[in-house]
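Open the model in a viewer and keep the selection panel at hand. The tour below goes helix by helix and contact by contact.

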Amino acid sequence: MSPRLVSPRLDYHATTPAGMKALAGAHGYIGQCGLPVTLIDLVYLRVSQINGCAYCIDLHSCDLLKNGVTIDKLVLVPVWHEAETLFTDRERAALRWAETVTRVAETAVPDAEFQAVSAQFSEKEVADLTIAIGLMNLYNRLAISFRTVPAAAR
């Protein structure tokens with residue numbers, strides 16, 4: 001069986017530069033909000049894995065590797081709960097929160113999940129983490145809908 005070639009449907013960066021600039025503003029905020037870059041990239045990766053976004057999985061995997069995350073840790077992100085010793089308490093709480101917020105239609109984001117993330121992060125950090133999760137869900141929807149080709153597949 002030959003591999004399926006994915007062709008981009010639409011260049012949303014060129015089509016809606018003002019819209020993408022607005023999203024870049026939110027992305028820039030997350031980058032300077034005080035949460036560690038590696039933590040944010042782990043969350044971005046996990047959200048992208050749940051959503052099946054090849055473009056973002058490729059992008060954030062590369063970012064994590066560049067920032068010193070080991071291959072062992074990177075490949076175990078989808079099953080972080082089975083490899084807990086590789087992840088800090090805050091990383092586990094953020095990954096758990098990313099999963100429940102990304103699957104909001106299924107989970108309704110239970111109080112227990114909010115309490116668990118709140119035990120590791122301040123109110124501002126929980127809010128910023130949730131913005132990051134929502135933003136990555138939006139970026140995933142753009143990349144998947146318009147078939148953005150991952151760098152590794154070009």
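One convention is needed for the angles on this tour: under 35 degrees counts as roughly parallel, over 145 as roughly antiparallel, 65 to 115 as roughly perpendicular, and the rest as oblique. The model is predicted.

**Stop 1: H6 against H9**

Select helix H6 (89–102) and helix H9 (123–145). Their axes come within 10 Å and cross at roughly 50°. H6 and H9 are therefore oblique to each other. The crossing of H6 over H9 is right-handed. To see the contact, show Arg90, Ala94, Trp97, Ala98, Val101 and Thr102 on H6, then Glu125, Val126, Leu129, Thr130, Ile133 and Asn137 on H9. Coloured by class, this contact shows 7 nonpolar, 3 polar and 2 charged residues.

**Stop 2: H3 on its own**

Next select residues 37–51, which form helix H3. H3 has 15 residues, and the distance from its first C-alpha to its last is 21 Å, close to the 21 Å expected at 1.5 Å a residue.

Which residues of H3 are buried? Select Leu39, Ile40, Asp41, Leu42, Val43, Tyr44, Leu45, Arg46, Val47 and Ser48 to see them. The partners that these buried residues pack against are helices H2 (17–32), H4 (54–66), H5 (71–75), H6 (89–102) and H9 (123–145).

**Stop 3: H3 against H4**

The crossing here is left-handed. On the H3 side, display Thr38, Asp41, Leu42, Tyr44, Leu45, Ser48 and Gln49; they meet Cys56, Ile57, His60, Ser61, Asp63 and Leu64 of H4. The contact of H3 with H4 divides into 6 nonpolar, 5 polar and 2 charged residues.

**Stop 4: H3 against H6**

H3 and H6 pack at about 35°, with axes 9 Å apart, and their crossing is right-handed. H3 contributes Leu39, Leu42, Val43, Arg46, Val47, Ile50 and Asn51 to the contact, while H6 contributes Arg90, Glu91, Ala94, Leu95, Ala98, Glu99 and Thr102. By class, the contact of H3 with H6 has 8 nonpolar, 2 polar and 4 charged residues.

To finish, display Leu42, which is buried, touches H4 and also belongs to the contact with H6. Then display Ala94 of H6, listed in the contact with H3 and in the contact with H9.

Note on methods
Residues are numbered from 1 along each chain as its sequence is written. This is a predicted model: local features need pLDDT of at least 70, side-chain atom pairs count only at pLDDT 80 or more; totals for chains, interfaces and linings use all residues. Side-chain values use heavy atoms; hydrogens and water are left out. Helices (H or I, at least four residues) and strands (E, at least two) are DSSP runs, numbered from the N terminus. The expected span of a helix is 1.5 Å times one less than its number of residues. Buried means under 20% relative accessible area, exposed over 50%, partly exposed in between (1.4 Å probe, protein chains only). Contact means heavy atoms within 4.5 Å. A crossing is left-handed if the near helix is turned anticlockwise from the far one by less than a right angle, and right-handed if clockwise. Ala, Val, Leu, Ile, Met, Phe, Trp, Tyr, Cys and Pro count as nonpolar, Asp, Glu, Lys and Arg as charged, and the others, Gly among them, as polar. Axes are lines fitted to C-alpha atoms, for helices over the stretch in contact, and angles run from 0 to 180 degrees between N-to-C directions.
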